[in-house]
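The following exercises are to be worked through with the sequence and the structure at hand. Each task is followed by a stepwise solution.

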Amino acid sequence: MQNIPRDIASGLVASQKEDSLLNTYRLLENIEEDGLYTEDGTVDYLGNAANRRTTGNWKACSYILGTEFSEKLAYGGMSSNLVLYLKNHLNEHSVTASKNIANWSGTCYAMPLIGAFLADRYLGRYGMIATFSIIYAMGMLLLTLSASVPGLKPICNDRDVCYATNAQTAVFFIALYLVAIGTGGIKPCVSSFAADQFDDTHEIEKKQKASMFNWFYFLVSFASLIAHSVLVWIQVNVGWGIGYGIATGAMIIAVIWFFSGTTLYRNQRPGSSPLTRLCRVIVASLKKRNLQVPSDESGLYKNVDAETTTTRSRKLDHTESLSFFDKAAVELESDHTEGSINTWSLCTVTEVEELKALIRLLPLWATGIIFSTMYVQTGIFFVLQGSSMDTRVGKSSFEFPPASIGIFDSISWILEFLRLELVRRHNYYELDHVPMSIFWQIPQYFIMGCAEVFSQIGQMEFFYDQAPDSMRSIGAALSLSTTALGCYMSSFLVTVVTMYSTRNGNVGWITDNLNYGHLHYFFGLLAILGTINLGVFILASRWFTYKRSVKALD
């Protein structure tokens, strides 16, 4: 700059410094901008990349958790005392009522498999919750009307003996199964949608997500506590219509609260059908069943086809187990036709690993069925057992509703043995309430409650984490489906036990008057099955291989 005038030179230096500072500022701004948006593929309600500051995290999760609290309050208030309503107001026998409850509960937990498919493929988790929560509320409203409106509710005489016409019974069950359809869209999506509000690629948010599952189950348990205590007491002592009406109000609040958080939610875009991708891998593996899998995994097809993966879902690293399905990723010239790939002959490593991940889950998933078969008895035979015991608190006139003992959520067969021994010793067969306090049921409810807490929180997080990104609704639905199959298993066992135990004119294990039956035999059978199931679980957990994610796909 020696030939340039001093003032001009000074200006150039200042300009260069200014440009340098501006470039530095832009660099910092770009760095900050890079961290401003989530990196897990989530978008906001307008379809734009989700802003980390204005969407998701706890502020959005509070709306989802609040919705789940209200929904669980509605479900618990409606289902916890249902067996007594069927028996005392629809005049059903114990076996019939227990099977109807088990079948309906099974449907409630089976429908999420359909809901998960619709969420992952078409509507997304937000769309499923929004749509089916309205159906859920409609079912609750019809249920309330069936228990409160003259002409729809059963007719009871002065001795509290009730009778329902076929039409009244039909309306009641239509309402129940509308609720079952509603749960199909909510149950597989709520926990996954809450987890979507935290970015797995962000260390702080990843830790917060683990905490979210604990809060999720805490609120579910708290709602269940209120339902089993307050709502059940209202149903028995004030009126079924009012009790169901409060539950319906809770569901309506859930719908309104959920929609209130719309602008804050992070949403995963629905992708191609995950079930179709699984089928493609199976078909391609069978087509190439005679091929040898390359010893080096670099020989497997890893290119990513945007048509076959969910946007920005993470790749899955190759694993050695279940190597038969690796054949689907062996590339042949015949896999290419007219410049495109035949996706029913050639699949990516990630698609193969998605199938492997689900297959690995199946043994652990299966062990949840027997557990659910045992746990479902807390809402059926535990309640019937409690209804045949002394429900008074001390010597006061206050009676503790049998379903409310569920707040203490097995050694139930031991208690039933002792209760029947008391019946035989004092010839209490014709008594509706044996002089044995209902609070003797607390230990069995407490043990089952502890078992549920330890199993359900871990299972919920485990299935969400180990399911592929594009199938997390299905992962949640698989977790719920163990309850569905457990309910159906309970109904099946009741049918088989009744057929076996009533041969040759015997009264059977399960009777309308439990004083004549042998319910403890049924509980003993469940205890044996549970012990065997524990051994299977230990073996399956030792065999399990965790999935390994590589990175997000652009």
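Contact means heavy atoms within 4.5 Å. The model is predicted, so that local features need pLDDT of at least 70 and side-chain atom pairs count only at pLDDT 80 or more, while totals for chains, interfaces and linings use all residues. Residues are numbered from 1 along each chain as its sequence is written, and side-chain values use heavy atoms, with hydrogens and water left out.

**Exercise 1.** Determine which residues Phe172 is in contact with, and which core residues touch the most other members.

Solution. Step one: neighbours within four places in sequence are set aside; Phe172 then contacts Leu82, Tyr85, Leu86, Leu90, Leu143 and Ser146. Step two: a nonpolar core is a set of buried Ala, Val, Leu, Ile, Met, Phe, Trp, Tyr and Cys residues joined through side-chain atoms within 4.5 Å. Buried means under 20% relative accessible area, exposed over 50%, and partly exposed in between (1.4 Å probe, protein chains only). The largest such core has 65 residues, and Met78, Trp104, Phe172, Met212 and Met251 touch the most other members. Step three: α4 (94–148) is among the helices that each supply at least two residues, and the largest share, 15 residues, comes from α4. Helices (H or I, at least four residues) and strands (E, at least two) are DSSP runs, numbered from the N terminus.

**Exercise 2.** Decide whether Phe325 is buried or exposed, and locate its surroundings.

Solution. Step one: Phe325 sits in the loop between β3 (314–316) and β4 (336–337). Step two: Phe325 is buried because its relative accessible area is 17%. Step three: its contacts, leaving aside neighbours within four places in sequence, include Val281, Ile282 and Val352. Phe325 and Val352 are 27 residues apart in sequence, and their C-alpha atoms are 6.4 Å apart in space.
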